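Here is a short report for a reader meeting this structure for the first time. Please keep the sequence and the 3D view open while reading.

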Amino acid sequence: MIKWFSKFGKNKLLPIDFSVLKTDVHSHLIPAIDDGAQTLEESLKLISALQDLGFSKLITTPHTMSDVYKNTNEIINSGKEKVQQKLQELNNKILLEAASEYYVDFEFQNEIGKKEFLVFGSNYILIEFPFIEAPKNMEDIIFKLQLQGYNVVLAHPERYLYYTIKDYKKLVSKGVFLQLNLLSITGFYSPEVKKQSATLIKENLISFVGTDCHNMRQAEELKRCFTNPLWHQLLDSGKLLNSSL
Ligand SMILES: [Fe+2]
């Protein structure tokens, strides 16, 4: 139930921070392996900002993209361990795990069935599509991943403006979990992405939310979600799985 309070005669939503989610499932916090944090100092600053927003567990997901970010399980895990070591030294109790945000390109498709991908929770694999058009053999790729036992989570579906609500429903009916970026509901990316988010939320299609946090500017902007009606609607859906992780 959405709770409002009245201040100076104006109705405003009661702020709700991200502690209700417990876990963030999408961020770029490992230094210098993608376009997120570039130094250990930056990484710690972002982690602390995400803690201030209410998160107690972070599943960070560096990009794996064959042309740009040639990350391997070893690179990601050793980067995560360095951050964990520093957190321990600082007596910071936040839980940090790492998976990856896999860009569906030719190399990724080629590795299905050959490589063990980094996952979180119940074998969830986070994938992303190009912003211009869907991969041609998208359904086939998803099916192959599922055959390998992966639960496919599509990152920021609201940002693929080539998709209609019918396409999203079809994806969900095929067992794909949709992960919305929290910044999308503030209009951070564009008014169109915000509109697409509203539709996905209204249709109850979102299973996970993530910050997709790369930098302090985004960490700051995320605070604006707390009183955003779309964030409150997402919580009301009762469908979010973040806190189960
Ligand atoms: Fe991302």
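## Terms and model

A residue counts as buried if 20 or more other C-beta atoms lie within 10 Å of its own, as exposed if 12 or fewer do, and as partly exposed in between; the C-beta atoms are placed from the backbone. Helices (H or I, at least four residues) and strands (E, at least two) are DSSP runs, numbered from the N terminus.

This is a predicted model, in which local features need pLDDT of at least 70, side-chain atom pairs count only at pLDDT 80 or more, and totals for chains, interfaces and linings use all residues. Residues are numbered from 1 along each chain as its sequence is written.

## Helix α1

Helix α1 covers residues 40-52.

The buried residues of α1 are S43, L46, I47 and L50. Seen down the helix axis, they fall within an arc of 100 degrees, so they line one face of α1. The arc is that of the directions from the helix axis to the C-beta atoms. An α-helix has 3.6 residues a turn, so residues three or four places apart point the same way. The buried residues of α1 pack against β3 (23-24), β4 (57-60), α2 (73-89) and α7 (216-221). Contact here means C-beta atoms, placed from the backbone, within 7 Å. Just after α1, G54 takes a positive phi of about 120 degrees.

## Helix α2

The 17 residues of α2 should span 24 Å at 1.5 Å a residue, and its end C-alpha atoms are 24 Å apart, which agrees. Buried in α2 are I76, G79, K80 and V83. Down the axis of α2, its buried residues fall within an arc of 100 degrees, so they line one face.

What covers these buried residues includes α1 and β6 (95-98). The face of α2 turned away from its buried side carries exposed residues: E74, Q85, Q88 and E89. N91 follows α2 and has a positive phi, near 60 degrees.

## The sheet

Six strands form an open sheet in the order β5-β7-β8-β9-β10-β11, with parallel pairing. At the edges stand β5 (63-64) and β11 (206-210), each with a single partner strand, so one side of each is left without a neighbour in the sheet. Two strands pair if DSSP finds at least two bridges between them.

Strand β9 (residues 151-155) is mostly covered, with four of its five residues buried. Strand β8 (residues 124-128) pairs with β9 over four bridges, in the parallel sense. The bridge partner of L126 in β9 is V153. From β8 the chain crosses through helix α4 (residues 138-147) to β9, and this β-α-β crossover is right-handed. Right-handed means that, with the strands pointing away from the viewer, the path from the first strand over the helix to the second runs clockwise.

β9 also pairs with β10 (residues 177-181), in the parallel sense over three bridges. In β10, F177 is the bridge partner of V153. The chain crosses from β9 through helix α5 (residues 165-173) to β10, in another β-α-β crossover that is right-handed.

Key:
The expected span of a helix is 1.5 Å times one less than its number of residues. Two residues are in contact if their C-beta atoms, placed from the backbone, lie within 7 Å.
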